[in-house]
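I set out to record two look-ups in this structure. The entries below follow the order in which I worked.

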Amino acid sequence: MTRQISRRSMLKAAGAAAGAAGVGVGAGAGTTALAVPASAADSPFAHPGLLHTRSDLDRMAAKVKAGARPYTAGFAKLTANRHAQSGWRANPQATVYRGAGAPQNYAVLYNDIHAAYQNALRYHVSGETAHADTAVAILNAWSGKLTSVQGSADRFLAAGLYGYQFANAAELVRDHGDFALGRAQELMRNVFHPLSDSFLEHHNNAVVTNYWPNWDLTAIACVLATGIFCDDRAVVDRAVEYFKHGDGMGSVKHAIPVVHDDGLAEWVEAGRDQGHALLGVGLMGTVCEMAWNQGIDLYGYDDSRFLKGAQYVAKWSLGGEVAYTANTRRKGAIGGWSGSETATGAAGVDPAMTRPIWAMIANHYTKRRGLSASYVTRAAAKAAPEGGGGDYGPNSGGYDQLGFGTLAFTRDRVEGAAGGAPSAGPSGAASGGGARPQGAVSASASPAGNRDLAATGAEDLVGWAAAAGVSAVASGLLLLRRRGGAAE
């Protein structure tokens with residue numbers, strides 16, 4: 001429900017923002033596009049609104065229909081995948097196990113989820129209803145049978161990875177007449193989410209640094225996806241808060257602890273191995289994209305810290321030299337065994353190793369934001385056209401990302417996007433680097449860009465104007481004009 005803002009409070013907010021930003025009414029201020037980041041505290045959730053919005057899906061369909069590259073290559077990659085066929089039949093289980101010592105059957109789950117996602121995505125691009133029907137049948141089968149995820153500590157990985165993926169597949173068919181939406185929401189709330197939330201809180205009763213960043217990031221992705229899919233603001237806020245300030249290694253400043261003067265920032269898991277570092281970058285990008293589509297800017301948080309970390313991993317994975325600050329992390333169980341492990345340098349890499357993670361990140365920073373992301377862009381070009389589950393080997397690592405970024409995330413450059421353009425998150429705090437030129441704010445350059453200025457609260461406008469370098473007085477007048485000048 002949108003807050004009602006009086007004319008007096010609006011002008012007061014506009015004046016405060018003008019003072020905070022140190023800007024006046026410039027010639028271009030009154031002509032900027034009206035859409036700004038929505039207030040995450042008050043705006044209804046956008047659906048579809050996890051990794052793909054309605055405009056994203058429409059763009060994919062239009063580009064493929066027009067024969068535009070590289071969309072056609074990305075779509076061909078999708079249609080060639082065995083999971084993307086309408087003949088796929090689900091094999092649901094009551095209990096899924098992952099981890100040594102258990103009768104592991106989790107591969108059945110991730111194969112079915114990827115089949116549901118790929119068929120749903122194929123439906124949105126091609127319009128062939130058989131693929132939507134297949135996705136619905138798979139998801140309904142699992143929501144009607146799965147009751148628990150068990151195993152060793154790896155059960156937390158299973159809940160996080162397959163939870164966020166299930167939600168994304170389900171989000172694409174949530175309006176299908178045969179889809180059991182309520183049952184799918186119950187599955188997220190009662191099976192996947194509890195394990196992920198518990199991990200963020202208790203870390204399997206281990207010391208908080210016992211687990212590398214990707215463990216936290218799988219849990220954050222699942223918690224965030226659950227909150228969005230189930231329209232639960234408190235759950236979304238929990239994920240966002242942990243991303244920013246969590247104690248575990250997956251929060252952004254622990255995963256990316258050192259920022260260098262050259263604009264690159266160390267990804268701590270580079271001291272472990274390449275595969276897990278790539279997994280972490282892909283998961284953090286997934287979290288940022290899902291949040292962005294709900295008006296929450298984690299991509300730009302802390303002066304675009306994620307970009308700096310992604311650039312570092314991309315350069316390193318391409319065979320470049322990177323700095324690494326030695327770090328020691330504590331390991332062990334609370335009240336039990338204890339130890340430590342020191343990483344002294346970045347691990348060796350195989351430049352041929354890739355995951356379908358780069359297109360999403362490159363397109364956000366270079367096309368939405370107009371920032372330089374040279375290493376990420378090179379990694380994306382090398383990986384193109386990105387595939388998905390089933391294209392990167394038969395083991396679980398090949399199913400950690402939903403993929404198909406060349407099709408799903410390639411986008412045209414946003415008009416007015418400028419290097420260093422800041423953005424405002426739900427609290428209105430500036431989260432980008434540098435000032436956006438006046439007149440450069442674009443609807444599609446902002447999270448939830450389809451929402452107009454009238455949906456933004458006074459304090460959110462203050463933060464947005466201060467961050468964007470646009471006259472807050474002009475912004476306030478625009479809002480009043482948008483509302484017809486009536487006091488509310």
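I took a disulfide to be a pair of cysteine sulfur atoms within 2.5 Å. The model is predicted, so local features need pLDDT of at least 70 and side-chain atom pairs pLDDT 80 or more, while totals for chains, interfaces and linings use all residues. Residues are numbered from 1 along each chain as its sequence is written, and side-chain values use heavy atoms, with hydrogens and water left out.

**Entry: cysteines**

I searched the whole structure and found zero disulfides. The sulfur of Cys-222 has its closest cysteine sulfur in Cys-230, at 9.7 Å, which is too far for a bond. I then looked up burial (under 20% relative accessible area is buried, over 50% exposed, in between partly exposed; 1.4 Å probe, protein chains only). Cys-222 is buried at 0%, and Cys-230 is also buried, at 6%.

**Entry: a helix pair**

I read helices as DSSP runs (H or I, at least four residues), numbered from the N terminus. Helix α4 spans residues 106-126 and helix α6 residues 154-171; their axes come within 9 Å and cross at roughly 30 degrees. I fitted axes as lines to C-alpha atoms over the stretch in contact, with angles from 0 to 180 degrees between N-to-C directions. The crossing makes α4 roughly parallel to α6 (an angle under 35 degrees).

I noted contacts (heavy atoms within 4.5 Å). Those on α4 include Tyr-106, Leu-109 and Ile-113, and those on α6 include Tyr-162, Gln-165 and Phe-166.

How values were computed
Helix = DSSP H or I, 4+ residues; strand = E, 2+ residues; numbered from the N terminus. Parallel < 35°, antiparallel > 145°, perpendicular 65-115°, else oblique.
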